[in-house]
Amino acid sequence: DGNISIDQRAAETVGGATRFPSLTLGSEEGLHGGCMMCWTRSGTRVNPIQGPRELFRKLFVNETEAEQVRTKDRLALQGSILDAVNGDARLLKNRLAARDAQKLDEYFTSVREVEQVLALRQKWSDVPKPAAPMKEPENQGLVNDIPVLYDLMALALQTDSTRIATLEIAGGFEASVLGVRKEYHSLSHHGQVEESIELLVKLERYQTEQFARFLGKLKAMDDGDGTLLDHTMVLFGSGMGNGNAHTNLNLPVVLAGGGFKHAGYVSFPTTGPNRQPLSNLFVSMLQRFGVEQQKFALSTGTLRGL
């Protein structure tokens, strides 16, 4: 699947069934440029919604009539520009060498992604958004924003505004309100210094507590013949098994909800014929989501025991 991330692969199958095929949330702070978790098929990074106020407005605030007219005019103009560019590019393709033609195909993939976004916006431009169940929140910094972002994610799923949402806590996460005045990224390179490890644990405990609170929120929401947690796969984890050494073995992940057979703590071998790459879990999740997917990234099958 090239450069695409699991959330965007699932979003491809949603189409226009929801106003937002996916929601990407997070901050852009940090040494490595902020959120880097969500990527489209063409390898384009999905820019995150950076605060609860912006997410609230996206979910619940309708445009005025004048704004709707301007939006429709803008969408029509963008569509006509894409039509013109597409036509010129197809004429050019016949005169290109194989390698350049491949690059042009990548460009076409990017254009198709933009076309799909435009078509979706046009489809939903006249459909009113759900009534806001809470007052518009203020942005108060990522530490204080995390529980509000989780609350809004739960509401987005409950109102079927989207069926896919991601929240990435970038390396610039700094929690002076918790008494931690160093960034998450720098603490992850703790060099076995006990004080740094204690501060890192403090940050990660807070993050884990907020995740647990989110699961409780989903579990308290009725959803047909079960709860929203019963019908929602929730994955929590990290791309580093040991941030201090920059290794990605023994990745710590939590899978909750979604109707899976949960078995407490499970340890999988990281080497040998029985090793289980994380992408095996991604295949299992995509299949549960309804995607006909037999392989994803470096997967060797589905994850056993689910």
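Helix axes are lines fitted to C-alpha atoms, for helices over the stretch in contact, and angles run from 0 to 180 degrees between N-to-C directions. On that basis the axes of α2 and α5 come within 10 Å and cross at roughly 15°. This is a predicted model, in which local features need pLDDT of at least 70 and side-chain atom pairs count only at pLDDT 80 or more, while totals for chains, interfaces and linings use all residues. Residues are numbered from 1 along each chain as its sequence is written, and side-chain values use heavy atoms, with hydrogens and water left out.

**Overall make-up**

- The protein has eight helices and six strands, where helices (H or I, at least four residues) and strands (E, at least two) are DSSP runs numbered from the N terminus.
- Read from the N terminus, the order of elements is α-β-α-α-α-α-β-α-α-β-β-β-β-α.
- Of the 306 residues in the protein, 38% are buried; buried means under 20% relative accessible area, exposed over 50%, and partly exposed in between (1.4 Å probe, protein chains only).
- Among contacts with a separation of 6 or more, 61% are between residues 24 or more positions apart; a contact means heavy atoms within 4.5 Å.

**Nonpolar cores**

- The largest nonpolar core contains 38 residues, and those with the most contacts inside it are L23, L25, L55, L59, F173, L218 and V234. Such a core is a set of buried Ala, Val, Leu, Ile, Met, Phe, Trp, Tyr and Cys residues joined through side-chain atoms within 4.5 Å.
- Two or more residues of this core come from each of β1 (23-26), α2 (52-60), α5 (142-158), α6 (184-188) and α7 (194-219).
- Helix α5 supplies the largest share of this core, eleven residues.
- A second, separate core has ten residues, including V14, I164, F282 and V283.
- Beyond its neighbours within four places in sequence, F173 contacts L142, V143, I146, K182, E183, Y184, L203, Y206 and Q207.

- The residues P52, L55, F56, L59 and F60 of α2 are buried. They lie on the same side of α2 because they cover an arc of only 100° around the axis, the arc being that of the directions from the helix axis to the C-beta atoms.
- An α-helix has 3.6 residues a turn, so residues three or four places apart point the same way.
- The buried residues of α2 pack against β1 and α5.
- Helices α2 and α5 are therefore roughly parallel to each other; angles under 35 degrees count as roughly parallel, over 145 as roughly antiparallel, 65 to 115 as roughly perpendicular and the rest as oblique.
- The crossing of α2 and α5 is left-handed. A crossing is left-handed if the near helix is turned anticlockwise from the far one by less than a right angle, and right-handed if clockwise.
- This contact involves P52, L55, F56, L59 and F60 of α2, and D145, V148, L149, L152, L155 and A156 of α5.

**Helices α5 and α7**

- The axes of α5 and α7 are 10 Å apart, and the helices pack at an angle of about 25°.
- Helices α5 and α7 are therefore roughly parallel to each other.
- Their crossing is right-handed.
- On the α5 side the contact is made by V143, N144, I146, P147, Y150, D151, M153, A154 and L157, and on the α7 side by Y206, Q210, F211, R213, F214, K217 and L218.

**Two buried glutamines**

- Q8 is in helix α1 (residues 6-12) and is buried, with a relative accessible area of 11%.
- Apart from neighbours within four places in sequence, Q8 is in contact with S22, T24, C38, W39, T40 and V46.
- P21 is 13 residues from Q8 along the chain, and their C-alpha atoms are separated by 8.4 Å.
- Q207 lies in helix α7 and counts as buried at 7% relative accessibility.
- Not counting residues up to four places away in sequence, Q207 touches I169, F173, Y184 and F236.

- D160, a residue other than glycine, has a positive phi near 55°. D160 is in the loop between α5 and β2 (165-168) and is partly exposed at 33% relative accessibility.
- A297, also a residue other than glycine, has a positive phi near 55°. A297 lies in the segment after α8 (278-289) and is partly exposed at 49% relative accessibility.
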